[in-house]
Amino acid sequence: MNSCSLDVQKWRHIRDDYIAGQQYKSAVFWSDKIVSLSAGHTDDVYQQAICFYHLNEFHRAIHCIKSRQLHTTVLSCRHLVAKCHFSAKEYKEALEVLEYDYNDTKSMDITGGDREGDNKFSAKEYKEALEVLEYDYNDTKSMDITGGDREGDNKWNSGIALLKGQIYEALDNRMIAITCFKDALKYDVFCYEAFYSLTQHQMLTRNEEEAIIGSLEFENQCTKDETKFVRFLYESQLKKYDKPGDITVPNEFSNILYENVDFMTTLAERHYYNCEYQQCFRITSQVLTRDLYHTQCLPIHLSCLMELKKTNALFDLAHKLVDLYPESSLSWFAVGCYYLLINKTDAARRFLSKATTLDNVLAPAWLLYGHSFAVESEHDQAMAAYFKASHLMRGCHLPLLYIGLEYGLTDNTKLAERFFKQALEIAPNDPFVLHELGVIAYQSSNFTSAEKHFRDALNIIKNRKEITVLPDKWEPLLNNMGHVLRKLKKYEEAIDFHKQALILSPQNPSTYSALGFVYSLMTKWNESVEYFHKALGLKRDDSFSTTMLGHAIEHLVTEISIFHDSTNGTENAVKYEKQTVITDFLLSKANEEKILPNVKITGSRSKSNIINTTPQPPDTPLPDLSANDCEMDISN
């Protein structure tokens with residue numbers, strides 16, 4: 001009998017070359033022959049299953065390993081079987097592969113009954129999974145890693161913990177998922193995927209995130225320089241919307257990071273949360289020029305396009321994403337952003353719903369879904385979406401902020417204040433939350449408290465080093481500050497804040513109307529008439545400005561009475577004639593104007609913090625939160 005002289009090692013090199021070249025069909029073909037040549041060597045079987053996985057033949061890969069029972073003795077095979085179940089969206093089966101204790105026969109009773117009954121109960125869903133003989137996750141000493149070469153490798157333990165976290169998150173058990181992601185980081189501090197899930201999926205508060213970084217044993221896995229580098233990168237990812245500010249890059253890393261697309265994305269996100277949309281857009285455009293579809297940068301870029309109302313650019317980007325990545329939730333999220341920007345809310349909801357179907361934990365899509373209802377004053381549906389986002393984003397204050405806004409719009413100030421305070425506990429330095437608390441205090445006639453909240457918000461904004469000019473996003477805050485100061489009879493200061501608001505938004509008729517009203521209260525009728533005319537010039541049907549203009553003219557006429565102590569009758573007659581002309585002119589102008597709503601205190605409803613992308617963060621302005629503030633009795 002002739003013996004085979006084939007060198008199996010040579011064929012393994014051939015297989016590995018095809019795997020490296022991503023020619024998995026060829027790799028599968030030769031892997032099958034290598035398994036026969038090596039009499040089913042564990043590593044060769046594993047490599048064959050890897051090729052099946054890359055070809056999306058998940059159940060074939062599962063059978064390849066399970067038929068040889070390798071998932072009970074080899075950790076890498078067990079991980080691959082579970083990953084295949086996960087990729088096939090068989091989450092419970094994947095979890096059972098990872099969690100079942102092979103050595104404890106009692107734990108074969110998975111649901112608390114007999115195994116035979118459990119199999120009959122769920123034969124269609126669990127048939128193959130229940131055949132899996134599990135191994136105790138915490139006992140890795142008796143399990144080989146890859147057939148004997150990498151026993152005890154923390155990276156495999158980290159990979160399994162990561163996969164468990166992803167499964168639990170998909171099953172909506174986020175508390176256990178958090179524990180698994182923390183374990184993955186403890187096993188391997190370089191496991192960024194676990195850190196990304198914890199931070200970008202908003203699972204933790206800022207203090208909890210900082211506690212995790214403080215607990216990681218960098219020194220045991222990194223050199224001193226590596227520890228400093230990794231720690232800085234992780235810290236730069238923490239809660240950027242809570243207290244956005246400058247990032248001080250260590251000198252030794254500045255040349256490396258300032259041109260790095262991931263770090264540029266981090267800088268762009270901070271600009272976004274500071275409402276510096278032009279700077280943010282400039283950076284995100286640079287990032288997408290280098291990396292065309294950078295997945296972390298895209299949500300921020302989409303949000304900027306919405307804030308800057310670049311409908312054509314948003315349409316073009318959404319169209320490309322759908323063409324290239326039709327199975328990506330981010331693609332349909334982009335389409336939803338476009339339709340919401342052009343005020344087609346039904347279409348926006350349809351595509352946002354598709355995005356959440358593809359990725360049920362895409363919190364920014366749930367937020368934007370809520371905004372689509374809020375713009376039409378559908379408060380109940382909006383709050384339902386925000387509550388869902390709040391469940392997904394336990395560490396983010398934005399859903400709580402938007403829930404409070406909806407309660408404020410329905411005049412439920414007590415509940416609104418409650419949710420705003422909860423948001424403030426998570427993000428105590430967010431001026432948006434402080435601003436909304438000020439609005440609620442104003443509505444409750446607590447003007448001193450309102451002034452305090454507004455001043456705190458302004459101080460936070462002005463104390464940011466990178467802000468030299470106040471973004472126009474804060475025009476409502478300045479106007480609201482003016483309204484409160486007017487209520488407190490601090491008229492000069494109120495005028496100053498309204499004029500600052502005019503600098504940010506010079507075409508806002510409400511600001512001119514507010515200035516006219518303050519001047520009326522100060523009995524400066526000339527200035528009052530001037531500003532009410534400007535308000536009516538921008539918005540002709542302003543009933544408040546029209547009415548107040550009539551009051552101002554009446555008082556102005558009274559002040560310029562021709563019957564003063566003058567002995568020159570001719571002079572009086574001339575003054576009377578001139579005043580008659582002026583009065584007739586002013587009255588004719590007033591009669592031209594129609595009705596306009598009362599002066600309003602506006603709540604900042606712009607969704608600038610939607611994408612943190614998640615997603616922080618996006619997006620389109622909602623109707624102003626208003627409280628009637630029309631004092632027809634100007635003696636106030």
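## Aromatic rings and their neighbours

F387 is partly exposed, with a relative accessible area of 37%. That class lies between buried (under 20% relative accessible area) and exposed (over 50%), using a 1.4 Å probe and protein chains only. The model is predicted: local features need pLDDT of at least 70, side-chain atom pairs count only at pLDDT 80 or more, and totals for chains, interfaces and linings use all residues. Residues are numbered from 1 along each chain as its sequence is written, and side-chain values use heavy atoms, without hydrogens and water.

**Ring pairs.** The structure holds 31 aromatic pairs. Rings of Phe, Tyr and Trp (its six-membered ring) pair if their centres lie within 6.5 Å; planes under 30 degrees apart are stacked, over 60 edge-to-face, the rest tilted. Two of the pairs are listed here.

| Pair | Centres | Planes | Type |
|---|---|---|---|
| W332 and F351 | 5.8 Å | 5° | stacked |
| F387 and F419 | 5.9 Å | 75° | edge-to-face |

The second pair links distant parts of the chain: F387 is in helix α23 (residues 379-392) and F419 in helix α25 (residues 413-426), 32 residues apart. Helices are DSSP runs (H or I, at least four residues), numbered from the N terminus. F419 counts as buried, at 8% relative accessibility. W332 is buried at 11%, and F351 is buried at 17%.

**Charges over rings.** R418 lies over the face of F419, 5.8 Å from the ring centre. K33 lies over the face of F29, at 3.7 Å from the ring centre. The rule: NZ of Lys or CZ of Arg is within 6 Å of the ring centre and within 35 degrees of the ring normal.

Conventions
Helices (H or I, at least four residues) and strands (E, at least two) are DSSP runs, numbered from the N terminus.
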